[in-house]
Amino acid sequence: MQISDLSLLQQCAIAAAYRAGHYIARHAASDVAVRIKTGHHSLASQVVTEIDHHSQALIRHTLQAASERFDLAWLGEESPDDGERLRKDYFWCVDPLDGTLPFIEGIPGYSVSIALVSKDGTPCLGVVYDPLSQTLYHAVKGGGAFSNEQPLCAPGSESTILTFITDKSFANEALYQATVNRLQGMAVQLGYTGSRLVLQGGAALNACQVLAAPACYFKFPKLQTGGGSVWDYAATACLFGEAGAPVADICGRSLDLNPPESTFLNHCGVLYSSDRHIADAMVSLYRELSGRLLV
């Protein structure tokens, strides 16, 4: 697909993200009915509201004409995977309300996430809109990454603190305490004076925070399904690629954003970092800690 086509599709995705984001913002202080989805392990991946569903409907309607013109498939969190993503050349990959749990709790961390992904799993464009701060992140493959129209790139090392970001559910996982015990030493070895661990919002904005200061956002693999799926990471994977920041699975391999067997990525985990040294150190830490767990 040509860059001019991607630029046009990016404008469509931005329009859809704004439309859904404004709808979400209007209902942020409202009481909403919450349902529990089956087949998911963590609370954050189980909860769903009518806001999620209506946001997805708004996005799909906004993207409909472009989808027909370019023969694009659809993969959205709140609708079944029809398999078209494996047959057509490109597909929309949409999380209409990433961070439903913080939205329900009335705290920051939720956003709209829209990506266009090729059949081989390459993210071609990514749009993330934070309706609370009204921040728009967007990127097109080969066209750079932007935050509210300002160029976005991997941050320098001005901060003396290295921030580690992950989901709230990590506090209940087997490697939590062992990881916490090692993060400070890892930060010092990398030249920082200290570290902090933040357990917060949805995957899209967690990743975007890494582009603001020296940091990494990680999710370790787990046996249970649920949690991370391709729609959680596709848009930000494009942002990071264009910003020159590393994104990979927890072992440092490229993320497969169109796996044939499932949309879940719980088997491989994810790792977003502000520079390669942090990424390499986190990969080494995971290998060491997971090795101990198996003994």
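Let me begin with Phe218, which is buried at a relative accessible area of 0%, where buried means under 20% relative accessible area with a 1.4 Å probe and protein chains only. This is a predicted model, in which local features need pLDDT of at least 70 and side-chain atom pairs count only at pLDDT 80 or more, while totals for chains, interfaces and linings use all residues. Residues are numbered from 1 along each chain as its sequence is written, and side-chain values use heavy atoms, with hydrogens and water left out.

Phe220 is also buried, at 6%. Rings of Phe, Tyr and Trp (its six-membered ring) pair if their centres lie within 6.5 Å, with planes under 30 degrees apart counted as stacked, over 60 as edge-to-face and the rest as tilted; by that rule there are ten aromatic pairs. In one of them, the ring centres of Phe218 and Phe220 are 5.1 Å apart and the planes stand at 40°, so the pair is tilted.

Tyr233 and Tyr272 are likewise tilted, because their centres lie 6.4 Å apart and their planes are at 40°. Tyr233 sits in helix H7 (residues 230-243) and Tyr272 in strand S14 (residues 270-273), so this pair ties together parts that are 39 residues apart in sequence; helices (H or I, at least four residues) and strands (E, at least two) are DSSP runs, numbered from the N terminus. Tyr233 is buried at 2%, and Tyr272 is buried at 0%.

Finally, which residues form one aromatic cluster? Phe170, Tyr176, Phe218, Phe220 and Tyr286 do. Helix H5 spans residues 176-189, and its buried residues include Thr179 and Leu183.

Note on methods. Buried < 20%, exposed > 50% of the residue type's maximum accessible area, 1.4 Å probe, protein only. Expected span 1.5 Å × (residues − 1).
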